[in-house]
Amino acid sequence: YGVIKGNIFYNGDTGTDLKSGDTAYILAGALPVDLGKIKIDSGISAKYISETLDDTGVSVISFDCGLILSLNSVIPLSGIFLGLHAKNIGIGFPGANIKSDISLPMSFTAGIGYAVDFSNKFRVKILSDINTGSIDILKINSGIEFGLFEIIFLRSGYIIGNTTESFTAGGGIALNLLKNSKIKVDYAVVPLSDMGMQQNIQIEY
């Protein structure tokens, strides 16, 4: 942020300038392993984050890691997917004048998916995951996706926990533009109870 100007005049005195800033370093790596019908994708990232305001500063070191196990054609014309993810595993270092513990909220997720190819024109995926952490209560997400011609995708789901229960819906389009290039556009809407709707749009090329 640089310097926050202390130019507010109050009670006969003018405030002083405050130095402030944030710094983040992230190092990440992934390892895919192909064993034929079994594929394993794993990844890990290390993060160092610090923040300062005037003479007070805090810093955090944390790790994220994940694993996806894909079992293809173990059951004919279908695939089974298992996933595990841990986020913000680490410790914080409080600075001067801060007595409380400083750390990023940890979360743990486990998921399973099942996909069936009825033909080259029609595919169905059923997915579900369970999430818990140091802040959120237990949350369960479940959903289904219908794929047509590997171009059009329709999705619907349901969220349980985290103080809300609601349906979600969305869809997407995937188009081959040139050789070895594809563009994907995805849209999703999630009800947020009294806070209205959350709408997400993602474009990938």
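I took a patch to be made of residues with over 30% relative accessible area and no salt bridge, like charges being joined within 9 Å and nonpolar side chains (Val, Leu, Ile, Met, Phe, Trp, Tyr) within 5 Å. A salt bridge is a side-chain nitrogen of Lys or Arg within 4 Å of a carboxyl oxygen of Asp or Glu. Areas come from the Shrake-Rupley method with a 1.4 Å probe, and for residues only the protein chains shown count as cover.

The model is predicted: local features need pLDDT of at least 70 and side-chain atom pairs pLDDT 80 or more, while totals for chains, interfaces and linings use all residues. Residues are numbered from 1 along each chain as its sequence is written, and side-chain values use heavy atoms, without hydrogens and water.

**Entry: fold.** I looked up the secondary structure and found 0 helices and 14 strands. Helices (H or I, at least four residues) and strands (E, at least two) are DSSP runs, numbered from the N terminus. Buried residues make up 18% of the 205 in the chain; buried is under 20% relative accessible area, exposed over 50%, partly exposed in between (1.4 Å probe, protein chains only).

**Entry: nonpolar patch.** I found a nonpolar surface patch of about 1,000 Å², made by Phe146, Phe149, Ile151, Ile152, Leu154, Ile173, Leu175, Leu177, Leu178 and Tyr205. β11 (152–161) and β12 (164–176) are the elements that give two or more residues to this patch. Phe149 sits in the loop between β10 (139–148) and β11.

**Entry: aromatic pairs.** I counted 4 aromatic pairs. Rings of Phe, Tyr and Trp (its six-membered ring) pair if their centres lie within 6.5 Å; planes under 30 degrees apart are stacked, over 60 edge-to-face, the rest tilted. Tyr25 and Tyr48 are stacked, at 6.4 Å centre to centre with 25° between the planes. This pair links distant parts of the chain, with Tyr25 in β4 (18–34) and Tyr48 in β5 (38–53), 23 residues apart. Tyr25 counts as exposed because its relative accessibility is 54%; Tyr48, at 32%, is partly exposed. Phe118 and Phe122 are also stacked, at 5.5 Å and 25°. Ring pairs link Phe118, Phe122 and Phe146 into a cluster.

**Entry: largest pocket.** I noted about 1,100 Å³ of space in the largest pocket. Its lining has 40 residues, of which Leu127, Asp129, Gly143, Glu145 and Arg155 lie nearest the centre. On a 1 Å grid over the protein atoms alone, a pocket is an open set of points where a 1.4 Å probe fits, with protein on both sides within 12 Å along at least five of seven lines; lining residues have an atom within 4 Å of a point. The volume is the space filled by probe spheres set on the points, which are joined across faces, edges and corners.
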